[in-house]
Amino acid sequence: MMFFARWKTLAILAVCLLGVLLCTPNLFPKASLPSWARQFSLGLDLRGGSYLLLEVDMEAVVKERLESLADATRGRLRAANIGYVNLAAEPAQRRVTLRVRDPGQVQAAMALLREQANQIPTSLGATTPDIEVTSTPEGQVAATLTEVGLRAKATGAVEQSIEIVRRRIDETGVSEALIARQGQNRILVQLPGVEDPNRIKQLLGQTARMTFHLLDEAANPASPTPPPGVQFLDGEARPGQPVQRYAVRRRVEVDGANLTDARAGQDNQNGQWVVNFTFDSTGTRRFADVTRQNVGRPFAIVLDNKVITAPNIREPITGGRGQISGSFDARSANELAVLLRAGALPAPLTVVEERTVGPELGADAIRAGMLALAAGAVFVFLYMGLAYGLFGWFANLALLVNIVFLLAALSVMEATLTLPGIAGIVLTLGTALDANILINERIREEVKNGRPPLSALEAGFTKASGTIMDSNLTNLIAMACLYGFGSGPVKGFAVTVAIGTIVQMWTATTLVRLMVSTWYRWTRPKALPVLEDGRGFWGRLARPLFRLIPDVTHIPFMKGARAGLMVSAILSTASLAGAFYPGLEKGIDFKGGIVMEVRTPGPADLAALRARVSGLDLGDVGLQQFGDAETVLVRLPVQADEGGTQAAVNKVRESVEQVAPGARILRVEAVGNRVSDELFLGGMIALGISLLAMLIYIWFRFEWQFAIAAIVTLVLDTTKTVGFMVLFGVEFNLTTVAAILTVIGFSANDKVVVFDRMRENLRKYKQMPLRQLVDQSINETLNRSLGTSMTLLLSAVPLALFGGDTLAGFAWVMLFGIVVSASSSVFIAAPIVLYTGENRLRRGGDAPAAPTTPAKRATAGV
């Protein structure tokens with residue numbers, strides 16, 4: 001095990017070199033790199049920008065399909081001389097209904113409806129219609145959209161919307177924008193460097209569907225209801241003039257989808273701004289036919305259900321070119337041209353979530369993250385080097401390689417590094433050394449049991465490997481659940497921690513073993529530098545300087561088993577009660593609403609700002625000083641609808657500017673009702689599935705008593721963490737859910753190590769009473785448990801001190817959870833194993849223990 005063939009050594013070194021090479025491109029500007037080089041990018045919370053979550057209005061998509069079906073059906077029934085009444089689209093029921101006057105023509109009417117079905121391809125290569133046509137004996141006919149048709153319509157609408165959103169944003173000149181589908185009917189848009197996304201939102205909020213219709217000159221626009229086949233639409237509002245109403249035929253004569261170009265310009269005759277457009281060959285032919293056949297009649301240009309202009313056709317237009325005139329200025333004409341060039345959205349888009357971070361906050365976040373990372377690295381490195389001597393410094397070298405591999409993996413994936421991702425790297429400093437602590441403690445134990453150096457090294461790496469695998473898999477389960485049900489930056493945290501966990505298993509068991517093996521071949525020491533009283537040169541130079549607790553302890557932990565369970569039950573009950581009353585302070589992620597961070601040119605006038613914003617009739621408004629005298633945090637409740645949320649953000653911006661001219665909006669977070677409910681549900685599901693997955697895994701790897709003990713303890717640890725958040729007012733949001741899941745992963749990790757030693761001792765000491773065996777197992781793993789807790793604490797403390805407001809709640813929840821998890825392994829999990837397994841894990845538990853000699857007695861280790 002400690003021998004490495006030359007090719008294995010070269011392969012390990014080559015892997016390390018590859019990691020360095022993959023990581024190196026991040027040190028250079030992207031423009032100076034070759035095309036194959038990849039980099040990770042900084043998230044919007046680090047470099048500033050805007051995040052928008054758009055939702056496609058599927059009801060509008062369904063309504064348009066049904067109205068189109070109804071309009072086409074009307075024309076076909078008339079052409080076929082089939083009498084009918086009550087033809088109507090019913091979007092709520094997702095169907096078109098009518099009644100055929102002559103029962104003998106019902107089948108013909110149904111056949112005409114079926115001819116209008118869109119054929120949807122299936123997975124088997126066949127097709128299926130998107131409507132189902134049914135009838136009743138009374139002559140009622142209904143065409144209903146099928147589930148397959150709805151899904152196909154939704155997929156097509158979202159894919160088309162994504163492409164059009166991309167075109168519109170590209171036209172604005174925003175670089176490195178990310179547009180991606182999220183869920184069934186949502187689109188994620190990230191805009192680096194865009195501090196005020198209002199203009200982008202306005203561009204994306206318009207469907208920009210332009211169509212050309214004839215007017216129905218016989219219809220009276222003042223009538224309460226339009227005649228069949230006609231709709232009443234308003235014209236553009238003009239200053240000092242009433243809004244004109246038009247009777248527009250529903251039939252689309254020419255569709256704006258046939259436009260090939262649209263450019264803003266000025267009319268040669270009057271100098272007014274207009275939009276000049278050009279059709280493709282199909283549009284040119286149809287436009288020519290319509291204008292030729294309807295000379296002298298009014299022809300309406302309709303944009304998003306509003307008549308822009310309705311001039312009379314003076315002569316046939318055959319050149320495929322036209323002009324849109326209206327009350328345009330230079331900006332509105334250019335924006336309309338952009339919309340028409342990009343194409344029309346198939347349905348309206350609503351902004352359901354918005355997060356904007358200014359570059360100032362991004363720079364502050366980078367500084368805070370780097371400071372926390374540097375401080376955590378120094379603390380952890382010093383602890384490992386002083387507590388484990390030479391082998392601790394080997395572990396530190398492996399940890400540096402671990403971080404390089406982590407950054408290399410993020411580069412290959414072209415991942416986005418966010419502030420929670422930096423927190424994940426900081427925590428990796430603590431968790432990555434867990435495997436090395438397991439190995440070092442096991443080597444130390446084997447040395448104290450009298451093994452020679454090479455044998456102790458072999459046994460240390462071999463015996464620790466199974467425990468390393470079990471303990472790290474529990475952490476990966478937690479991160480998988482967080483990634484599956486988390487959102488945005490929280491997913492980045494899960495990816496970062498998961499990659500760090502996987503890499504550290506390799507560096508600890510392979511890279512460190514190579515270092516130790518090479519050192520052993522070069523020095524051939526008579527004693528390993530793992531004890532404080534080491535002899536010889538290496539013993540004096542590389543020995544550990546301290547131990548957290550003595551090697552041999554005989555603390556009777558199980559004497560306090562009942563007290564530990566009772567205290568834990570009381571604390572958890574109180575925590576659950578606190579979760580309902582006064583309750584957790586939900587963050588914007590889970591309760592919705594608006595949070596805006598404002599920086600004024602001088603000390604903020606809170607009274608004036610509060611009076612101004614409170615007068616906007618947006619609900620209960622909260623204003624507070626945030627950090628320094630120039631920074632104010634504005635909180636608004638969730639608005640009645642998603643559009644109202646965006647309107648509220650704009651009103652607050654205007655009001656702040658009026659009270660404090662020159663004020664800057666550093667951060668905006670706006671989350672609607674539906675999104676907050678979904679995020680909360682996702683967070684709860686992640687917690688539940690995480691606990692269930694760990695129960696199954698531990699049950700599979702150990703006896704059921706261990707699984708029950710682990711899951712009960714994890715639930716109690718979670719409830720106490722919730723109680724801590726209630727007591728100290730820590731905000732419950734996606735970031736703190738990530739902290740809780742990380743605590744669950746660490747807690748399960750710690751318990752698996754103790755359980756692994758119990759299982760080993762059950763095989764080793766056949767007659768030892770279970771109570772004594774549990775105490776001995778805890779004492780033997782005490783240094784390892786405290787050592788891992790110490791590295792995690794040392795890495796999490798800098799996050800709490802230097803990580804800034806964004807990560808403060810995360811870090812304090814982590815610190816509390818680490819302390820609770822370490823104690824619960826001893827005072828909750830172990831007693832549950834004792835009481836549930838007393839007559840099962842150890843038959844005849846009252847028999848005397850087999851005598852053990854000092855040489856055979858297991859001491860501190862894993």
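The model is predicted, so a word on ground rules: local features need pLDDT of at least 70, side-chain atom pairs count only at pLDDT 80 or more, and totals for chains, interfaces and linings use all residues. Residues are numbered from 1 along each chain as its sequence is written, and side-chain values use heavy atoms, with hydrogens and water left out.

**The whole chain**

The protein chain holds 24 helices and 25 strands; these are DSSP runs numbered from the N terminus, helices being H or I with at least four residues and strands E with at least two. Its C-alpha atoms fill a box of roughly 110 × 70 × 60 Å along the principal axes. Of the 862 residues, 54% are buried, where buried means under 20% relative accessible area, exposed over 50%, and partly exposed in between (1.4 Å probe, protein chains only). Take the contacts between residues at least 6 apart in sequence: 75% of them join residues at least 24 apart. Contact here means heavy atoms within 4.5 Å.

| Strand pair | Bridges and sense |
|---|---|
| S3 and S4 | five bridges, antiparallel |
| S4 and S8 | five bridges, antiparallel |
| S7 and S8 | five bridges, antiparallel |

To find your way residue by residue, Ala88 stands opposite Thr97 in S4, Arg99 has Gln140 in S8 as its bridge partner, and Ser135 sits opposite Val141 in S8. The hairpin of S7 and S8 has four residues between the strands, and Gly139 there takes a positive phi near 95°.

**The cores**

The largest nonpolar core has 154 residues, and Phe391 and Phe755 touch the most other members. Such a core is a set of buried Ala, Val, Leu, Ile, Met, Phe, Trp, Tyr and Cys residues joined through side-chain atoms within 4.5 Å. Helix H9 (residues 359–412) gives the largest share of this core, 22 residues. Leaving out residues up to four places away in sequence, Phe391 touches a set of residues including Ile443, Leu457, Trp519 and Leu528. A second, separate core of 24 residues includes Met58, Ala154, Val174 and Val189.

Most residues other than glycine have a negative phi, and most peptide bonds are trans. Glu414, not a glycine, has a positive phi of about 50°; it is found in the loop between H9 and strand S21 (416–417) and is partly exposed, at 46% relative accessible area. Arg524 also has a positive phi, about 45°, and lies in the loop between H13 (489–523) and H14 (536–542). At 55% relative accessibility, Arg524 counts as exposed. Finally, a cis peptide bond joins Tyr581 and Pro582, with omega about 5°, and Pro582 is in helix H15 (residues 561–583).

How values were computed: Two strands pair if DSSP finds at least two bridges between them.
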